[in-house]
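Open the model in your viewer and keep the selection panel at hand. The stops below say what to select next and what is there.

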Protein chains: 2
Amino acid sequence: MEQASLCDLNEPLIDHAEGQFFLSEAFKIIMEEVLSNGTDVKQKVCEWKEPEELALLLDLGVRETGEPRDKLLQRVRDVAKYSIKTSHPHFFNQQYGGVDYHSLAGRFLTEALNTNLFTYEVAPVFVLMENEVLRALRQLVGWTEGDGIFCPGGSTSNMYAMNLARYQCFPEVKSKGVWALPRLSIFTSPESHYSVKKGAAFLGIGLDNVIFVKVDDRGRLIPEDLDEKIELSKSQGAVPFLVSCISGTTVQGVFDPLDHIADICDKHKLWMHVDACWGGSVLFSKKHRHLMKGVDRANSVAWNPHKMLVAGLQCSALLLKDTTNLLKQCHSANATYLFQQDKFYDVNLDIGDKSVQCSRKVDCLKLWLMWKAVGSVGLEERVDKAFIHARYLVEQMKKREGFQLLSMVAPVIKERMMKQGTMMVGYQPLGNKVNFFRATVFSPLLSQKDMDFFLDEIERLGKDL
Amino acid sequence: MEQASLCDLNEPLIDHAEGQFFLSEAFKIIMEEVLSNGTDVKQKVCEWKEPEELALLLDLGVRETGEPRDKLLQRVRDVAKYSIKTSHPHFFNQQYGGVDYHSLAGRFLTEALNTNLFTYEVAPVFVLMENEVLRALRQLVGWTEGDGIFCPGGSTSNMYAMNLARYQCFPEVKSKGVWALPRLSIFTSPESHYSVKKGAAFLGIGLDNVIFVKVDDRGRLIPEDLDEKIELSKSQGAVPFLVSCISGTTVQGVFDPLDHIADICDKHKLWMHVDACWGGSVLFSKKHRHLMKGVDRANSVAWNPHKMLVAGLQCSALLLKDTTNLLKQCHSANATYLFQQDKFYDVNLDIGDKSVQCSRKVDCLKLWLMWKAVGSVGLEERVDKAFIHARYLVEQMKKREGFQLLSMVAPVIKERMMKQGTMMVGYQPLGNKVNFFRATVFSPLLSQKDMDFFLDEIERLGKDL
């Protein structure tokens, strides 16, 4: 070894005192810019810049040499300044608006502890905690036993359910691939999330084998049509294996009639999956849980507490009724460098082989800490209030002259609100309906005046159109 | 609407002042327990508890009602106390040890800003930043153009490459599934990461269609055997489509001979993927980048800056040479509620349809801020130092009497170190070799005395065995 190298060995490359000072200063900026100004209704939701201008302002390029502390802190401030304030009460744009400070504390702690959920040895607290949180969520579904896992988002949870359903019917798929199987078919509503299609393509099943069932005029899957489509698919030589129901569609918030669908699944012996990524949180509410009546008859449920419960991105649970260790059988690869069988503790606590990921982030702590902080009662209150806000908004809209639920001018209004930075709300067409605004109003930071602001602002922005 | 409900509308459910106070107190605990005590060599790496005892100590159960602030802060402290200190200099257990404070500041900011990477409208800063970071990583690979995406871990990056390779050969797989394709085959080394197997199973290709190529006595894939295995597979009626090479195996850190493998891929017109999740960071080092000579000839590279560069979990980039928008064509579902084509800005900035995820976390900011802070030169220094540490360790082991690279008693030594909490290092068997310790020594917090401690401690823990 060269002498020069030996010298390098004596000191670490990172100075803790300097690093911790930087982190503390960055924390102050986060508190000020993101959490104080960013949630203040007198401040903007977004500071719109055209892409070319923003790239220049941020000076994004990385270089050979590093930068001094003050410059880096200015960068932290700039990133905060030009980013969307998703916790702002006037961010009605997506299903992850709002902030919960207990959850956020859990997220900071998760980041600082920086570990993976594959073995008890590297994540003793989180292996046990995830287990407990999954148990509590399953209990709300109505199951006293079962399995589950946190996934990086609802699309992945839905895809896992699809793979598990396929494996349960045809375990040989794991070794031999889809070639060894008859042609499979999946049934879902056209209002369901696009992840059903993405999952079918990714898993080698194919988009053509996703069969769309008719919906009624409220957008709910029609069980009779499901039954017919299953029979038709069978008669065409395919093997139906999965019905992917939805509790809370992305655009309209519709809940499929789970109980009736469960009857059809029973009849044809199909895996019943419920994509409750958006709607699952109604299970906390005595008033609204009837929307998911029959969910306990499902085989699997995907539920994202990062949406209506404001647990923070990402927090997506896949819950399973299964008690046969299907998750591990389906996904395991038995890597000897992680899952040694001669360990000094119960190796069933090494849950990493339940996942197709190797590194899997800890997503349970933020939900657990928030749940401990406000209790099931506090989470119920959030759900109930989201419904009250939605209802209030609809009633007020009906009262306002010239205010229509559907709008031909949505793109123009959207451009104006973004450039003025006063508010953010998404729009889209649906079926043969023209563009309309979809306001998500579940954030625990909201109150009635924000609902009124929403209506006034749409009127103001569109008054000359 | 009931009168009772109307009252509830007037106030938000969250008190910002109280929430921000809690977050500040939690931050202090994180600084003290995780970042100060947790990196202090005089403190333990882990506070071992049996699972039953730990569950009791943590009081994991969630309840109907919430808890007061002090109790919640104690919970933050407890979670920190009983979690593994992965930033501790004596955590040699996994490829994500250590901490970088600039990265950590970026992670806190990411969590606070809480957004998704699907559209420019909700993530203007991060859409541009991810693009720039991917460009800079591709430049290190040797590509002046191309594409890429950050994935939730290296397994997902590897799986994406597999799906893209399949789609490029047989685009009909997306609509018709694997049934429309001939039987496919994949080639890799038996030393490659288990995600190649997991990916093949998940994508419906099947474990039996992953063909293992012979390695030489250092563990490097033998190109001549690859050529033969490809010919054999063809003669058996399969269609080879992908070679998954590895740069830095998980257990031994071996680099496959990419340049020679590229010749074979050229000859047979196969997609060449390089799993450089662990080893990719050598591309920063003028001294060590020769280990990946030929990487620029690959079609795709998976690279996890959360490993050797200490960017924090997760940070995994999939880099593509492709310039035909293959990623989007392969994964898109064109959801109208997100990817409206009548937006007021360039919709090519809406990158969400490149992913099979819908919600996708921001993983670029932590790497970008760290890169800005220390420059490419600083990252090069980390890589070079990791090699120096590894070499020092091997040389010292050779010098010590009775110290063997292989150990029959690894499980016992491991149990002792965990229960005493002095150190963590992983062990495993390999091929027909018995258990041995695999020390990861890349953390920028390490210095020579930590290497010496490692050796002394193994001797101390095993002296009576």
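Select strand 9 (residues 424–430) and strand 10 of chain B: the two pair in the antiparallel sense over four bridges. Two strands count as paired if DSSP finds at least two bridges between them. Within this pair, show Y427(B); opposite Y427(B), in strand 10 of chain B, stands F437(B).

This is a predicted model, in which local features need pLDDT of at least 70 and side-chain atom pairs count only at pLDDT 80 or more, while totals for chains, interfaces and linings use all residues. Residues are numbered from 1 along each chain as its sequence is written, chains are lettered from A and ligands numbered from 1 in the order in which they are written, and side-chain values use heavy atoms, with hydrogens and water left out.

Now widen the selection to the whole sheet in chain B. It is an open sheet of three strands in the order 1-9-10, with mixed pairing. Strand 1 (91–92) and strand 10 (433–438) of chain B are at the edges with a single partner strand each, so one side of each has no neighbour in the sheet.

Move to chain A, where an open sheet of three strands has the order 1-9-10 and mixed pairing. Its edge strands are strand 1 (91–92) and strand 10 (433–438) of chain A, each pairing on one side only. Strand 1 of chain A runs parallel to its partner, strand 9 (residues 424–430) of chain A, and two bridges join them. Show F91(A) to find its bridge partner M424(A) in strand 9 of chain A. Helix 14 (residues 410–420) of chain A packs on this sheet, touching strand 9 and strand 10, and its direction makes about 165° with that of strand 9 of chain A.

Stay in chain A and select D59(A), in the loop between helix 3 (51–58) and helix 4 (69–82). D59(A) is not a glycine, yet its phi is positive, at about 50°. Which residue forms a salt bridge with D59(A)? The partner is R75(A), and the closest N and O atoms are 2.6 Å apart. R75(A) is in helix 4 of chain A, 16 residues from D59(A). A salt bridge requires a side-chain nitrogen of Lys or Arg within 4 Å of a carboxyl oxygen of Asp or Glu. Over all chains, the structure holds 78 salt bridges.

Next, go to the loop between strand 7 (300–303) and strand 8 (316–320) of chain A, where Q314(A) is placed. The peptide bond from L313(A) to Q314(A) is cis, with omega near -10°. In chain B, Q314(B) lies in the loop between strand 7 (300–303) and strand 8 (316–320), and a cis peptide bond with omega of about -10° joins L313(B) to Q314(B).

Finally, show both chains together. The contact (heavy atoms within 4.5 Å) takes 178 residues from chain B and 178 residues from chain A. Across the interface of chain B and chain A there are twelve salt bridges. To see a salt bridge between the chains, select E67(A) and K372(B), at 4.0 Å from N to O. On the side of chain B that touches chain A, helix 13 (residues 365–399) of chain B gives the most, with 18 residues.

Methods: Axes fitted to C-alpha atoms, helices over the stretch in contact; angles between N-to-C directions.
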